[in-house]
Amino acid sequence: MINILLTSHGGMAQGMMQSVRMLVGEQQNLDYVTFEEEMGADELNEAFEKKIRDVSSERQYLIFCDIKGGTPFNVVSRYSYQNDNVAVIYGMNLPLLIEAIIQCGNPELTLENLAAGLAQQGKETIGLSEL
């Protein structure tokens, strides 16, 4: 099973969870961690340690971050560097998250293929509206 974990500075991750519920319903494999203003990197890592558990080929994690280079990204990237069953995507947006949720329903899909496909599709989820 691929679990999806969202993380951001402030309430973005929680807001994404609320939007997902509105659009596609409650998701059992979806959770979030918020990096609050008063937190440091160590406190954030402790929050992730409570969420990222029993990582294996049977229990994988796809983590969406708000921005590359920020504290949430830096903290969760350590998990992906240490374990092939954890992948991190930065530049989180709602269309990409919904696509990940839909694709996670495919039991044949690997975390590696899911992450690579989403990274490619991410280029199509933002654009300029032209009349």
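Reader: What conventions apply to the model and its numbering?

Author: The model is predicted, with local features requiring pLDDT of at least 70 and side-chain atom pairs counting only at pLDDT 80 or more, while totals for chains, interfaces and linings use all residues. Residues are numbered from 1 along each chain as its sequence is written, and side-chain values use heavy atoms, with hydrogens and water left out.

Reader: How many helices and strands does the protein have?

Author: Helices (H or I, at least four residues) and strands (E, at least two) are DSSP runs, numbered from the N terminus. In this case there are five helices and four strands, and their order along the sequence is β-α-β-α-β-α-β-α-α.

Reader: What is the radius of gyration of the protein, and what does the globule rule give for 131 residues?

Author: The radius is taken over C-alpha atoms, and the globule rule is 2.2 Å times the number of residues to the power 0.38. Here the radius of gyration is 14 Å, close to the 14 Å that the rule gives for 131 residues, so the protein is as compact as a globular protein of that length. Along the principal axes, its C-alpha atoms fill a box of roughly 45 × 35 × 25 Å.

Reader: How is burial to be read, and what share of the residues counts as buried?

Author: A residue is buried under 20% relative accessible area, exposed over 50% and partly exposed in between (1.4 Å probe, protein chains only). By this criterion, 43% of the 131 residues are buried. The accessible surface, computed by the Shrake-Rupley method with a 1.4 Å probe, comes to about 7,800 Å², of which 47% belongs to carbon and sulfur atoms.

Reader: Which residues touch Phe64?

Author: Contact means heavy atoms within 4.5 Å. Phe64 is found in strand β3 (residues 60-65) and is buried, with a relative accessible area of 0%. Leaving aside neighbours within four places in sequence, the contacts of Phe64 include Ile4, Leu5, Leu6, Ile89, Met92, Leu97 and Leu118. The C-alpha atoms of Phe64 and Leu97 are 8.0 Å apart, although 33 residues separate the two in sequence. For the protein, residues 24 or more positions apart account for 73% of the contacts with a separation of 6 or more.

Reader: Is Asn3 buried or exposed?

Author: Asn3, in strand β1 (residues 2-9), is buried at a relative accessible area of 9%. Beyond four places in sequence, Asn3 is in contact with Asn29, Arg59, Gln60, Tyr61 and Leu62.

Reader: Where does Ala115 lie, and which residues does it touch?

Author: Ala115 belongs to helix α5 (residues 111-121) and counts as buried at 15% relative accessibility. Not counting residues up to four places away in sequence, Ala115 touches Leu62, Ala87 and Ile89. Between Ala115 and Ala100 there are 8.5 Å in space, C-alpha to C-alpha, and 15 residues in sequence.

Reader: Why is the pair of Phe73 and Tyr90 edge-to-face?

Author: Their planes stand at 90°, with the centres of the rings 5.7 Å apart, so the pair is edge-to-face. Phe73 in helix α3 and Tyr90 in strand β4 (residues 86-90) are 17 residues apart, and the pair links distant parts of the chain. Phe73 is buried at 12% relative accessibility, whereas Tyr90 is partly exposed at 43%.

Reader: Which residues does Val75 touch?

Author: Val75 is found in helix α3 and is buried, with a relative accessible area of 1%. Apart from residues up to four places away in sequence, Val75 touches Ala41, Leu44, Asn45 and Phe48.

Technical notes
Phe/Tyr/Trp six-rings, centres within 6.5 Å; stacked < 30°, edge-to-face > 60°.
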